[in-house]
Amino acid sequence: MLVKVANITEQQFLGFYDQYSDKLYRYIYFRVGSEELAQDLTSEVFLKSWEYVNRDKASSNKQLANPRAFFYQVARNLITDFYRQKDKSPLSLEEVADKVIADKQDGPLEQAAISLDMESVKAALGRLNEDYRDIVIWRYLDEMEIKEIAQIMEKSDGAVRVLLSRALSNLKGVLNGQLEPQIAEEISVQEQVAGEEAA
Amino acid sequence: MQKQNLVLEEQGFSEIINQIQVLKNVKPKESWVISCRAKLALKLEMEHKREMLTKDASELRELFTFWQAWQPKRAFRPAYAVAVALAVVMGGGALTSLAALQSVPGAPLYPVKIALERTGLKVAPTDSLKMKMQKDIVGSRLSELRVLVKNHDSAEVKNEKVAQVVESIHQQLITDKEQLPQANKPNGSEKSLAAAKIVSARADQVKKAITQAKEKLPSEVNSNLSEKLAEVTDMAEKTSMQALEMMIAKKEQTEADKKDILAKFDEIIKEKELAIKTLAAVGQQASKVKSSADKLPINAVLINQADEADDLLGKVETSVKKEAFGAALETLKTLNEIVKGAEKIAETVKQQDKGVIELNSAKNATSSALIDSSK
């Protein structure tokens, strides 16, 4: 969906809010582990996005190929900025889960009534690095296409497929107790993609 | 090829993927979603106003330049500038609120309007002021309903917006109904009666508005909305009856009280007369439409019920004339149940007749086409 930024009206923008706020909140919540913080950051996503849309509106020929991907990019950047400012390392989902369950008995995770099996999946997801975790959330919770994820992560489609494949393998490995948690793994994605293409 | 590989790979991880997807249940609180949206809408609107203010300011500068050229020695120019700037700024804020008050569901400022109403109710210092505000809120919902019914939105959008307003009206009626017994305190009989009258008037207002809206809404009204409209009408009727019961139950009724009760009964009797005539007409009309034989008993039931309701209405009128208001109310309750049941049957009959008439029209059109083609 190609949308000319200059043509986005207030009404349309609020329509985007109605469409995407729940999912954005969920993504941010899984990244930061606090309801209040997730609320603040989600709100910030839309305010920042509107600033971008509104800036130089009259003379702008900017176009949004995918508004959803744009919002997620903004969210990702805000989360990074948040941790940078607070001088914190990002929380794992395990820490997120523990924090929320300890702080609030009736928080969103409690409301979802997650089973014991789910606890282990959540913990395993939390052991993945940020890219893996993001990609799993976007693909299987937010139901995004590879192309869209590639746009958010500013990588090629091939690179994203490789990442996703590795994320799933890692997740399975962690669940089965075969792999050590790889929190700070660096992957040479281009090498992976090149290898794949050569094959 | 890569896509296919990924699909196959994902199939291998289907169990994990299914488990992950349970996390979809994590959602933000609805109250936060609404308030965040309202703040966003307000910010968007204020920025829009700021843009207009910037334009106004540049026009003001031109005005000052003109003024300066015309009256170069005027000493009160700075005071004038401050006064005008204040007027524009204050006007901007007031205009936003005013714009919000005119909005309907779907408009950016509608959440602001709702937020303003809720705040007003919370800070209302007295019960009577609160009741007045509630009356205004219901009035506002009914205005929105009228606007929405007239709008040229698509049927789907119209259904959604109307449903939102109708639900709000429903909630207000529930609040009214719940407040009625509390208002009936032994020491505050005048107050409770006044409250009952306000609630009764409001319920009648709602009933009329919903009936008018039902007539004007397009035929593609979805079944959920139809049910909701019926539910709200029913609630309005019950609230009205409960309020009337309170009015009748009051000890030591003054002449003014009796006058109010008589006026209320008069209104109800006229309304029921019309309803019964409509039912009888539907029954008569339906029996004229050629249809399958098994429909005739339904029409007969409908006509019988209309007759029975008519008899009961006569008894209500007699009781009211004798000022036996309690007895009149009891008979009225029975009458209401019969009319409600008959109206449901009438609706079914109307739908079936519509189908038969359309079928007959289609048959006639086909027959005419066949005759024309054979010539």
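This is a predicted model: local features need pLDDT of at least 70, side-chain atom pairs count only at pLDDT 80 or more; totals for chains, interfaces and linings use all residues.

Q: Which residues make the contact between α7(A) and α9(A)?
A: From α7(A) come Asp131(A), Tyr132(A), Ile135(A), Val136(A) and Arg139(A). The α9(A) side includes Val160(A), Leu163(A), Leu164(A) and Ala167(A). The residues of this contact divide into 8 nonpolar, 1 polar and 3 charged.

Q: Why is helix α8(A) called largely enclosed by the rest of the structure?
A: A residue is buried if 20 or more other C-beta atoms lie within 10 Å of its own. In α8(A) (residues 146-153), 6 of the 8 residues are buried, so the helix is largely enclosed. The buried ones are Ile146(A), Glu148(A), Ile149(A), Gln151(A), Ile152(A) and Met153(A). Just after α8(A), Glu154(A) takes a positive phi of about 55°.

Q: Which residues touch the most other members of the largest nonpolar core?
A: They are Ile28(A), Ala75(A), Ile135(A), Val136(A) and Ala167(A), in a core of 57 residues. Elements giving two or more residues to this core include α7 and α9 of chain A, together with α3 (30-70) of chain B. α1(A) gives the most, with 11 residues.

Q: What does Ile28(A) touch, not counting residues up to four places away in sequence?
A: Ile28(A) touches Ala38(A), Leu41(A), Thr42(A), Ala75(A) and Ile79(A).

Notes: Residues are numbered from 1 along each chain as its sequence is written. Chains are lettered from A and ligands numbered from 1 in the order in which they are written. Two residues are in contact if their C-beta atoms, placed from the backbone, lie within 7 Å. Helices (H or I, at least four residues) and strands (E, at least two) are DSSP runs, numbered from the N terminus. Ala, Val, Leu, Ile, Met, Phe, Trp, Tyr, Cys and Pro count as nonpolar, Asp, Glu, Lys and Arg as charged, and the others, Gly among them, as polar. A residue is buried if 20 or more other C-beta atoms lie within 10 Å of its own, exposed if 12 or fewer, and partly exposed in between; C-beta atoms are placed from the backbone. A nonpolar core is a set of buried Ala, Val, Leu, Ile, Met, Phe, Trp, Tyr and Cys residues joined through C-beta atoms within 7 Å.
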